2 protein chains.
Amino acid sequence: MRILILGGDGYLGWPTAMRFSARGHEVSVVDNFSRRRWHVEHSTDSLTPIGSLTDRIEAWREVSGNEIKPFVGSMEDFGFLDAVIAETLPETIVHYGEQPSAPYSMKSREAAVETQYTNVIGTLNLLFAIRDRVPDCHLVKLGTMGEYGTPDIDIEEGFIEIEHKGRRDTLPFPKLPGSLYHLSKVHDSHNIHFACRIWGLRATDLNQGVVYGIETDESARDERLITRFDYDEYFGTVLNRFCVQAVIGHPLTVYGEGGQTRGFLNIRDTLQCVELAVANPAELGEFRVFNQFTEQFSVAELAELVRRAGAEVGLEVAVKRFPNPRIEAESHYYNAANTKLRELGLEPHHLGEELVRSMLGIIARHRERVIERAILPRTRWKPGELVAQVPPPRQATASTAELE
Amino acid sequence: MRILILGGDGYLGWPTAMRFSARGHEVSVVDNFSRRRWHVEHSTDSLTPIGSLTDRIEAWREVSGNEIKPFVGSMEDFGFLDAVIAETLPETIVHYGEQPSAPYSMKSREAAVETQYTNVIGTLNLLFAIRDRVPDCHLVKLGTMGEYGTPDIDIEEGFIEIEHKGRRDTLPFPKLPGSLYHLSKVHDSHNIHFACRIWGLRATDLNQGVVYGIETDESARDERLITRFDYDEYFGTVLNRFCVQAVIGHPLTVYGEGGQTRGFLNIRDTLQCVELAVANPAELGEFRVFNQFTEQFSVAELAELVRRAGAEVGLEVAVKRFPNPRIEAESHYYNAANTKLRELGLEPHHLGEELVRSMLGIIARHRERVIERAILPRTRWKPGELVAQVPPPRQATASTAELE
């Protein structure tokens with residue numbers, strides 16, 4: 001199958017490209033390296049030392065014998081995007097090509113506009129290119145569970161049947177997104193739904209939970225194939241950041257009460273879910289939504305898990321509550337459906353101490369690359385409301401050698 | 001009160017500016033004249049011969065003795081918008097400053113991107129300027145009933161209480177917008193709701209129906225104060241277009257079955273609704289949605305009304321079904337709530353033959369300005385699906401003099 005991966009240089013895009021390439025598909029990737037540029041702008045970096053896209057593609061060719069074809073440019077540039085689609089004629093497009101950070105979108109007006117412009121206009125360009133070049137192509141779009149927010153009812157997969165004043169209809173699930181980034185994904189979902197309803201395109205919107213983990217089957221084949229791993233305020237996600245904090249002896253930064261509950265999944269399950277969506281495509285005209293996570297945890301539960309796993313390998317991990325830089329419920333009802341991907345055959349990797357220990361081990365190998373000042377949040381959802389109390393860094397009391 | 005009208009040179013913006021000025025408020029207007037530019041690009045024009053913004057402001061000063069202060073620039077230009085808000089320090093902002101046409105948004109990728117960029121990024125800029133300059137300011141935003149689409153349940157005003165699996169919450173009403181323009185308004189609504197939830201701003205989203213009519217109390221005071229009146233494919237709305245067709249002896253262009261039912265209101269009631277929203281502002285942190293229309297009609301009913309009213313003044317009006325250029329249900333359930341503005345005191349001007357006769361009369365006065373080729377739809381929701389059958393223009397069989 002001809003598969004185009006948008007954002008193919010990213011945390012998930014690169015492992016996804018290798019996965020489909022390993023399965024014998026004809027894989028092309030598009031990236032404009034905005035993630036690398038944002039890191040340069042913030043003087044931060046991936047924990048893992050990743051090569052250039054060209055280096056990684058060469059390493060992958062050496063290891064697997066397979067080609068991945070790169071295209072460098074932005075989806076906002078329609079001429080570029082359209083030319084790539086005309087050349088590659090993809091049967092499936094996996095779309096990770098967006099600004100993916102909530103805190104980044106909240107740090108300034110400029111970043112907010114950049115986020116909504118990049119994500120909404122880039123995806124709109126994509127929909128037109130698909131319509132006019134490859135109308136049968138299956139678009140697999142990465143959305144986020146954060147589109148739903150934390151309503152006081154069960155969260156369904158994209159749609160909900162509503163009975164109201166004696167009538168009944170199945171309608172898009174109402175959205176209460178928690179950041180200007182999450183809003184951009186809500187906008188995308190509405191635009192894609194429209195393209196399916198009106199133009200007859202087909203799409204699967206994967207409302208993904210918070211991803212953790214580093215290694216996949218393909219990246220484990222050669223150290224040059226490792227994917228990026230972000231732990232900074234902007235691009236780090238909570239469990240990944242906690243693991244880095246545990247390794248460097250920094251208290252785990254729980255925001256507020258820590259009762260924020262979300263869906264989570266292992267990076268290996270991201271690949272499994274995307275593979276399942278691609279192998280079982282939406283029908284023409286269908287806009288399908290899968291909630292893509294395997295387990296629900298509260299932030300406090302994750303902190304406790306990392307503390308326990310750390311203790312097993314000799315790390316003394318402190319947990320510290322911080323003033324929450326976000327405006328969000330810190331304790332709330334949360335119960336989200338995630339049956340559709342299971343019905344397609346998803347076999348989850350569950351999160352436990354063993355997985356956390358393995359992450360701690362990989363992180364410890366790159367410990368000297370950790371940039372500590374990048375970890376604490378400086379972006380606040382509501383300016384002027386909060387000054388984060390910054391605790392002094394603390395040394396780990398045990399050697400981390402045993403993690404390696 | 002200091003009031004800023006965004007889009008103050010437009011069909012509704014200009015009459016709104018005069019209304020608040022007549023009531024003694026300190027009124028400023030912003031416009032970038034994009035509507036005039038779009039008309040130039042399509043070789044179309046307002047039926048009514050409108051003066052420049054400066055001419056109209058001078059005429060208003062002569063007639064009323066009141067000043068309206070103009071600012072020329074685009075909301076997408078944050079530096080401009082921010083400077084205007086810093087200078088005028090509005091207590092209320094009435095926001096009409098968007099690309100308002102569904103067919104325009106569907107005519108090309110470029111127009112779709114322009115629409116979503118102009119509307120979404122312009123409004124996002126506005127929210128940041130309000131947050132940082134005038135956080136207590138009440139934003140009155142013009143949305144559209146078209147955000148809801150035609151669900152098979154009653155349409156409520158912005159929010160709906162959902163009972164689901166034994167739990168209950170009041171959530172944003174699900175949206176099924178029918179064009180990329182309507183989508184831009186849905187995106188706006190989500191962004192504004194967020195700004196109220198997170199930043200504590202206050203806003204009223206006026207989900208307006210289809211507006212008809214030309215004259216308001218203020219525009220009637222001097223012919224130089226008349227507002228624009230569009231009847232072309234892009235910016236004309238259905239009843240206004242039917243009235244122009246009746247006057248020039250063109251068959252009324254009913255798309256498809258004509259069973260499309262929508263909410264409608266007189267331009268005088270638009271002003272009344274906006275005045276009521278301004279006089280009864282939302283609370284800080286509140287995002288309030290009013291459905292702003294007074295009556296529901298199907299397209300076929302409107303055509304019949306114009307036919308009857310035309311007959312009374314000696315016009316023989318033909319009604320002709322056209323292939324629908326839009327993808328929409330041509331016969332559907334429709335029942336939308338509109339009680340909130342009535343509860344605030346709205347006294348509707350109902351649509352009837354008398355009002356239509358008055359419109360026909362005003363149109364007949366400008367009959368020589370009608371550009372016939374601009375009327376029929378060329379933009380199709382789904383390219384390649386439909387070629388509109390263009391009937392030859394037909395002369396009116398009766399003199400229209402009696403309309404004047």
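This is a predicted model: local features need pLDDT of at least 70, side-chain atom pairs count only at pLDDT 80 or more; totals for chains, interfaces and linings use all residues.
**Entry 1: the build of chain A**

I began with the secondary structure of chain A and found 12 helices and 14 strands. I then looked up how compact the chain is. The radius of gyration of chain A is 21 Å, close to the 22 Å that the globule rule gives for 404 residues, so chain A is as compact as a globular protein of that length. For the extent of the C-alpha trace along its principal axes, I noted about 60 × 60 × 40 Å.

I next looked up burial, and 54% of the 404 residues in chain A are buried. I also examined contacts between residues at least 6 apart in the sequence of chain A; of these, 84% join residues at least 24 apart.

**Entry 2: how the two chains are related**

I asked which rotation superposes chain A on chain B. The rotation is one of 180 degrees, with 0.0 Å of shift along its axis and an RMSD of 0.0 Å. I recorded this as the relation of a two-fold axis.

I then turned to the interface, where 37 residues of chain A are in contact with 37 residues of chain B. On the side of chain A that touches chain B, the elements giving two or more residues are α6 (109-133), β6 (159-164), β7 (167-172) and α7 (180-199). Helix α6(A) gives the most to that side, with nine residues. By type, I listed 23 nonpolar, five polar and nine charged residues on the side of chain A that touches chain B. Of the interface residues of chain A, 100% are also interface residues in chain B, so the copies meet through the same surface.

**Entry 3: the largest nonpolar core**

I kept a general point in mind here: in soluble globular proteins, nonpolar side chains tend to be buried together. The largest nonpolar core in this model has 228 residues. Which of them touch the most other members? I noted A:C243, A:V306 and A:L360, together with B:C243, B:V306 and B:L360. Helix α6(A) gives the most to this core, with 11 residues.

**Entry 4: strand β5 of chain B**

I asked how many of the residues of strand β5 (138-144) of chain B are buried. Seven of the seven are buried, so β5(B) is largely enclosed by the rest of the structure. I separated the residues by the way they point: B:H138, B:V140, B:L142 and B:T144 point one way from β5(B), while B:L139, B:K141 and B:G143 point the other way. I noted that B:K141 and B:H138 are among the buried residues.

I then looked up the pairing of this strand. Strand β4 (92-95) of chain B pairs with β5(B) in the parallel sense over four bridges, and B:T92 has B:H138 as its bridge partner. Strand β8 (202-208) of chain B also runs parallel to β5(B), joined by seven bridges; there B:L139 stands opposite B:A203.

Most residues other than glycine have a negative phi.

- B:S43 is exposed, with 10 other C-beta atoms within 10 Å.
- B:K165 is exposed, with 9 other C-beta atoms within 10 Å.

Note on methods
Residues are numbered from 1 along each chain as its sequence is written. Chains are lettered from A and ligands numbered from 1 in the order in which they are written. Two residues are in contact if their C-beta atoms, placed from the backbone, lie within 7 Å. Ala, Val, Leu, Ile, Met, Phe, Trp, Tyr, Cys and Pro count as nonpolar, Asp, Glu, Lys and Arg as charged, and the others, Gly among them, as polar. The radius of gyration is taken over C-alpha atoms; the globule rule is 2.2 Å times the number of residues to the power 0.38. A residue is buried if 20 or more other C-beta atoms lie within 10 Å of its own, exposed if 12 or fewer, and partly exposed in between; C-beta atoms are placed from the backbone. Copies are superposed by least squares on the C-alpha atoms of residues with pLDDT of at least 70 in both. A nonpolar core is a set of buried Ala, Val, Leu, Ile, Met, Phe, Trp, Tyr and Cys residues joined through C-beta atoms within 7 Å. Two strands pair if DSSP finds at least two bridges between them.
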